[in-house]
Amino acid sequence: MSLIEQNATDAEIEKDENVIWHQHQVTKQTRSQLKQQKPVVLWFTGLSGAGKSTVAGALESALVQRGYHTYLLDGDNVRHGLCRDLGFSVQDRRENIRRIGELAKLMADAGLIVLSAFISPHRAERQMVRELLPEGEFIEVFVNAPLEVCEQRDPKGLYKKARAGELTNFTGIDSEYEAPLQAEIDLLAGDKSIGELVLQCLNTLQAKGIIRA
């Protein structure tokens, strides 16, 4: 190891030892009680064009109409600010999910119902976010639409570009998507209407005691 590498490692260790989590007087429980709701992170995953943002947005509207406090984290939106410095390499996409996971955790700590809509193609990355949160506070929502359906929709024309070789590392074409093995909510987005998918989500949240019947 070079001297520069050793100094960098020592600096990281020193920083880790001196950065301590401070527990403030107002707690997560206090914020949740104030909002009269249980915090949770709903993690929408699926191929591009599956309908993640559409379903998450419709579900958020339904929750707000019922008086719940929410926030929707959308894949494109966060790349305008929080993750604007990241590209679409494997490393950058992993860092993108890590940042969103940490942000979602903080929002849940604020007592919110957080809806996160990201392709998040790898199971290990989704598991990483799950492990940031207490048991039962992470709900994986698989927006399950076949590749051919997503390609037919192709709202941004991305599949067409990927097929033409104009985009590389595109999930579903030349980059793998690992579908959830046991998602808490499996939405057959190629077969059902948005209203039906939202109702399925609401029914599951009621069954889990996250929202009131």
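Modeller: Helix α5 gives the largest share of the lining of the largest pocket, 4 residues. The model is predicted: local features need pLDDT of at least 70, side-chain atom pairs count only at pLDDT 80 or more, and totals for chains, interfaces and linings use all residues. Residues are numbered from 1 along each chain as its sequence is written, and side-chain values use heavy atoms, with hydrogens and water left out.

At least two lining residues each come from α3 (52–65), α4 (75–78) and α5 (90–109); helices here are DSSP runs of H or I, at least four residues, and strands are runs of E, at least two, numbered from the N terminus. The volume of the largest pocket is about 820 Å³. It is lined by 32 residues, and Ser 48, Asp 76, Ile 119, Lys 156 and Leu 158 are the closest to its centre. A pocket is an open set of points on a 1 Å grid over the protein atoms alone, with protein on both sides within 12 Å along at least five of seven lines; a cavity is a set where a 1.4 Å probe fits but cannot get out, and lining residues have an atom within 4 Å of a point. Volume is the space filled by probe spheres set on points joined across faces, edges and corners.

By class, the pocket lining has 11 nonpolar, 12 polar and 9 charged residues. Ala, Val, Leu, Ile, Met, Phe, Trp, Tyr, Cys and Pro count as nonpolar, Asp, Glu, Lys and Arg as charged, and the others, including Gly, as polar.

The structure also holds 1 cavity of 30 Å³ or more. The largest cavity contains about 40 Å³ of space, and its lining is made of Phe 88, Ser 89, Val 90, Arg 93, His 122, Asn 169 and Ser 175. That lining divides into 2 nonpolar, 4 polar and 1 charged residues.

Phe 88, one of the cavity-lining residues, has the charged end of Arg 79 over its ring, 3.9 Å from the ring centre. A charge sits over a ring if NZ of Lys or CZ of Arg is within 6 Å of the ring centre and within 35 degrees of the ring normal.
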